[in-house]
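Work through the exercises below with the model open. Each task is followed by a stepwise solution.

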Amino acid sequence: MDPLTPLLAFGDPFPRGTLPYLVGGLLVGLGASVIYLSTGIIAGASTFLESTLSYVSNVDRFNRFTYRQSRGWRLVFTAGIVSGAALWGLVLAPDPGIWTTGVDWWRLLGGGFLVGVGTRLGKGCTSGHGVCGVGSLSNTSLVNVATFMTFAIGTAQIVQALGVSP
């Protein structure tokens, strides 16, 4: 049996071919490398949020010296992530339906909340651990990514088995 057969049961894993995914992965890796090599700081997105909160919050946690010192470039980087996605979606996207979803708003809100809780419990996000931590062979990141993947795959299997739809 072809090893991809189980994956194909969920649809084509590369509906637009492999090139967009390859280029996207290379750009993410390049961006994380440039930030690390030029600043010595890991480019995890959850840290960007915390450092940006130092602009508007007096809470000590958000006003650590390292956050205040790096919040300018972190804000620009975060704005680049958001504006890059917006540029693609509004100007360059081949599919005008890319901005729609059949998922109920309350499920999106609940999912976002759970991702936030997981980010705090895991002491970082999937971009920090998955891209930067694994790339630097951090034991903590390797364990976290294995945990993320195990629970994500398990949840997807359970949701599909139960027939849950958006």
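A crossing is left-handed if the near helix is turned anticlockwise from the far one by less than a right angle, and right-handed if clockwise. This is a predicted model: local features need pLDDT of at least 70, side-chain atom pairs count only at pLDDT 80 or more, and totals for chains, interfaces and linings use all residues. Residues are numbered from 1 along each chain as its sequence is written, and side-chain values use heavy atoms, without hydrogens and water.

**Exercise 1.** Describe how α3 packs on α4.

Step 1. Take the axes, which are lines fitted to C-alpha atoms over the stretch in contact, with angles from 0 to 180 degrees between N-to-C directions. Helix α3 (residues 45-52) meets helix α4 (residues 65-92) at about 120°, and the axes lie 8 Å apart.

Step 2. Assign the hand: α3 passes α4 in a left-handed crossing.

Step 3. List contacts (heavy atoms within 4.5 Å). From α3, the set includes Thr47, Phe48 and Glu50; from α4, it includes Trp73, Arg74 and Phe77.

**Exercise 2.** Follow Phe48 beyond its sequence neighbours.

Step 1. Leave aside neighbours within four places in sequence. Phe48 then contacts Ala43, Trp73, Arg74, Phe77 and Thr78.

Step 2. Find its core. The largest nonpolar core has five residues: Ala32, Ile35, Ala43, Phe48 and Cys132. Such a core joins buried Ala, Val, Leu, Ile, Met, Phe, Trp, Tyr and Cys residues through side-chain atoms within 4.5 Å; buried means under 20% relative accessible area (1.4 Å probe, protein chains only).

**Exercise 3.** Treat α6 and α7 likewise.

Step 1. Helices α6 (residues 126-135) and α7 (residues 139-162) pack at about 130°, axes 9 Å apart.

Step 2. α6 passes α7 in a left-handed crossing.

Conventions:
Helices (H or I, at least four residues) and strands (E, at least two) are DSSP runs, numbered from the N terminus. Buried means under 20% relative accessible area, exposed over 50%, partly exposed in between (1.4 Å probe, protein chains only).
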